[in-house]
Amino acid sequence: MRKLISILIPTVVILALFSCRKGGYEGTGYLTVSVGMEDPELVVKSPETPSEDMVFSLSIVGEDGIHSYTVEDARTLATEPLAVAAGRYTVTATTGIDTAANWGSAYYSGSTTILVKPEQTATARIVTTLANTMVTVEFEDPIPDVFNNYRVTVDNGAGQALVFSKADNTVGNTAYFAVTGTLNYELSMVNADGATYHDGPHAITGVKANQHYHFKFSLSDDTPTTGGFVLTIIVDEDTVYSEYEMKLDFGADGKPVTTTSFPLTNDITLIEGNDETRTVSFEASRGIGSLVISHNDAGLTALGLPRWTDLVTSQDLSAIRATGIVCNSVDFGTTDVQVIDLTSFISHLPVGSYKFQTTLVDTRNAYNMVNYNITIIPPVESRAVSATPWARFAILEGVWYTVDRPASLKVQYRKTTSSTWLDADSYVTYNEATKTIKAEIWSLDAGSSYVFRTVTDNDIAKDQTGEVTLPVLSFTTIGTPTVPNLNFDSWYKDGDAWMPNSSSSNHVWDSANKGTASFGVVPTVPEESDVVAGKAARLTGSTAMGQFAAGNIYIGKFAKVSGVGAEIDWGYGFNGKPLALKGYYKYNPQPINKTQAPYNDLNGQTDICSIEIYLVNWTAQFHINTSKKQFLSKDDPSIIGYGAMYSNVNDSAYKSFTIPIQYRRTNETPTYIVIACSASRYADYFTGGIGSMLKIDEFELVYDPAQLNASERELVGYRN
């Protein structure tokens with residue numbers, strides 16, 4: 001049976017301080033944690049000896065699901081217990097790297113539950129064990145002398161394999177795999193005569209954490225000419241030995257042979273639809289053990305080709321035959337020549353690059369593997385590959401297939417309702433490494449359908465003679481939605497509160513007015529004399545019941561007064577992708593004379609106004625509570641694009657502004673928009689200058705990149 005070595009590391013862990021009073025977690029208790037290790041006595045090779053230098057991180061989670069704490073390094077918390085909310089916790093200690101597979105870094109984990117009582121100290125004692133599976137490989141003499149190279153590939157089915165290889169000097173390494181219940185291993189060997197042997201892949205099931213699998217390979221005869229090969233798998237779980245014999249033949253004659261009816265080079269480039277006959281023949285004088293067609297190619301998977309088909313063991317070949325590969329089942333041990341016909345399969349491959357293999361293994365485990373790297377190109381020199389449409393412009397991309405970029409290569413586009421092709425002659429770039437051409441097409445009509453193509457003079461000549469039909473791609477530009485009352489011309493009164501909308505049934509904008517009007521203060525009002533056009537909005541910092549009342553305006557709805565602040569629902573349904581917000585503003589700041597933490601240090605400084613725009617992917621309006629300091633963080637993952645402008649300059653006249661919207665994810669369409677303006681940037685924290693006045697007018701959402709300068713377009717980031 002497995003022996004365990006218990007090693008106690010006297011690590012006292014002090015947890016982060018919180019004082020909570022919800023969900024039954026009332027009062028304050030104190031918690032210490034000591035972490036030890038329980039390490040299996042491994043049969044062949046042990047991991048590093050646990051020591052006090054090992055770094056444990058801790059996760060402490062309350063059973064209520066609310067209270068949680070983390071400690072990155074338990075050693076830093078060894079001086080005194082730390083107060084936590086009283087209650088029951090699960091404490092988990094971990095050390096090492098928790099990955100699918102890695103060399104040399106074990107991952108230990110352990111947990112326990114503990115009840116922390118008010119005004120008492122509780123100690124959680126945790127014993128950690130190996131949380132992944134350890135793997136080592138050994139090749140006994142005389143294998144290093146008989147074979148020039150050998151390797152064992154091991155994986156756990158999680159997408160990452162580790163190779164124990166003589167060539168890479170990794171045979172003696174220790175590997176750790178995340179526990180999936182399975183280990184797969186595959187052996188490849190090349191002897192001094194250059195003969196190649198292959199076995200696997202094989203799967204081991206029932207694999208658990210805290211186990212050590214040691215693969216030991218040995219020859220059954222020290223001086224083999226023909227003979228056997230023994231693999232012994234040793235598992236430290238109850239010292240289980242798994243052993244089998246793999247027959248090999250070290251003679252120089254009779255090795256399996258693969259022959260193709262076509263020249264086989266590292267890369268085969270063919271015109272799309274090429275239907276020349278292409279067959280592959282397989283011969284093994286000592287009998288075929290397996291004949292496998294395999295790949296790890298996403299394009300072939302999408303076309304329905306199974307990743308692994310052994311013609312010897314597979315009962316159903318319908319899936320591989322459906323791709324056009326003509327093949328038959330093979331009897332184990334047959335010496336007859338077997339033929340696979342790839343003609344139809346290759347002729348139906350779409351444009352792209354594909355990789356697959358055939359592997360022939362005889363009954364003595366000698367093998368022959370052939371790689372097929374096939375690139376299918378169209379019968380033209382270039383081709384359109386993708387379009388990224390916005391509202392008034394699009395980014396179009398194509399590829400060329402010639403060795404050198406054709407001098408006449410260009411992008412052409414037209415509306416689907418037009419027959420006239422237009423050349424893209426501005427903002428065209430080339431990538432010689434990837435053989436791609438990219439063009440920005442401006443001044444397009446929003447919500448309209450277009451087609452585009454990439455062409456050369458040779459392509460056009462072939463098209464005109466009817467030799468080919470030039471391929472095109474279609475795209476549709478998105479719309480240019482706007483927000484009602486962006487010019488701030490529409491206002492109505494709700495009691496004493498001015499509302500920046502055309503009517504109560506068309507509610508888009510709001511302000512703090514409904515919360516302050518009952519105190520005789522209306523910070524946001526229409527401006528009719530000092531305007532750019534029509535009416536404007538005038539926002540003025542004031543006080544109400546001794547609290548600073550901001551002059552503000554935002555897209556959303558005032559919900560209610562909450563404590564000394566307000567609850568607000570931000571956002572208006574919106575699915576456009578503007579590039580910027582433009583408009584006019586005039587600011588007359590005052591010294592800040594009302595402050596609250598954390599901005600008390602701003603007292604006496606000149607006030608700052610703010611204009612912000614958010615594009616987000618919410619499913620509903622965002623709820624803000626100013627009294628509880630619940631705001632939308634600038635780092636919130638829901639934000640697709642954001643832009644802002646701040647100023648503390650005293651203006652004598654209106655100034656124009658342009659705020660580029662910096663997109664964090666250009667491939668996503670927003671669901672809501674927020675525009676928020678304030679005469680005092682920190683008004684959410686009741687900080688600002690009484691009398692600071694911001695006037696805003698004639699806002700506009702920009703969709704055409706021609707309305708921005710180069711640096712502004714760069715900030716938007718739509719080319720990323």
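1. Which strands each supply at least two residues of the lining of the second largest pocket? They are strand E42 (552-562), strand E43 (565-570), strand E46 (609-616) and strand E51 (672-678); strands here are DSSP runs of at least two E residues, numbered from the N terminus.

2. A word on the basis: this is a predicted model, where local features need pLDDT of at least 70, side-chain atom pairs count only at pLDDT 80 or more, and totals for chains, interfaces and linings use all residues. Residues are numbered from 1 along each chain as its sequence is written, and side-chain values use heavy atoms, with hydrogens and water left out.

3. Back to that pocket: its volume is about 550 Å³. Of its 26 lining residues, Glu-612, Tyr-614, Lys-634, Arg-681 and Asp-684 are the closest to the centre. The lining comprises 16 nonpolar, six polar and four charged residues, with Tyr counted as nonpolar, Gly as polar, and Asp, Glu, Lys and Arg as charged.

4. Do have a look at Asp-607, in the loop between strand E45 (580-588) and E46. Asp-607 is buried (under 20% relative accessible area, 1.4 Å probe, protein chains only). Asp-607 has no salt bridge (a side-chain nitrogen of Lys or Arg within 4 Å of a carboxyl oxygen of Asp or Glu). The nearest side chain of opposite charge, that of Arg-681, is 9.1 Å away. A polar atom of the Asp-607 side chain does lie 2.8 Å from the backbone nitrogen of Gly-689.

5. Finally, Ala-124 belongs to strand E9 (residues 121-130) and is buried, at 1% relative accessible area. Its C-alpha atom is 7.3 Å from that of Thr-113, eleven residues apart along the chain.

Key. Helix = DSSP H or I, 4+ residues; strand = E, 2+ residues; numbered from the N terminus. Buried < 20%, exposed > 50% of the residue type's maximum accessible area, 1.4 Å probe, protein only. 1 Å grid on protein atoms, 1.4 Å probe; cavity = no way out; pocket = protein on both sides within 12 Å on 5 of 7 lines; lining within 4 Å. Points joined across faces, edges and corners; volume = space filled by probe spheres on them. Lys, Arg positive; Asp, Glu negative; His and termini not counted. Polar contact = N/O pair within 3.5 Å; in protein donor to acceptor, adjacent residues only side chain to side chain.
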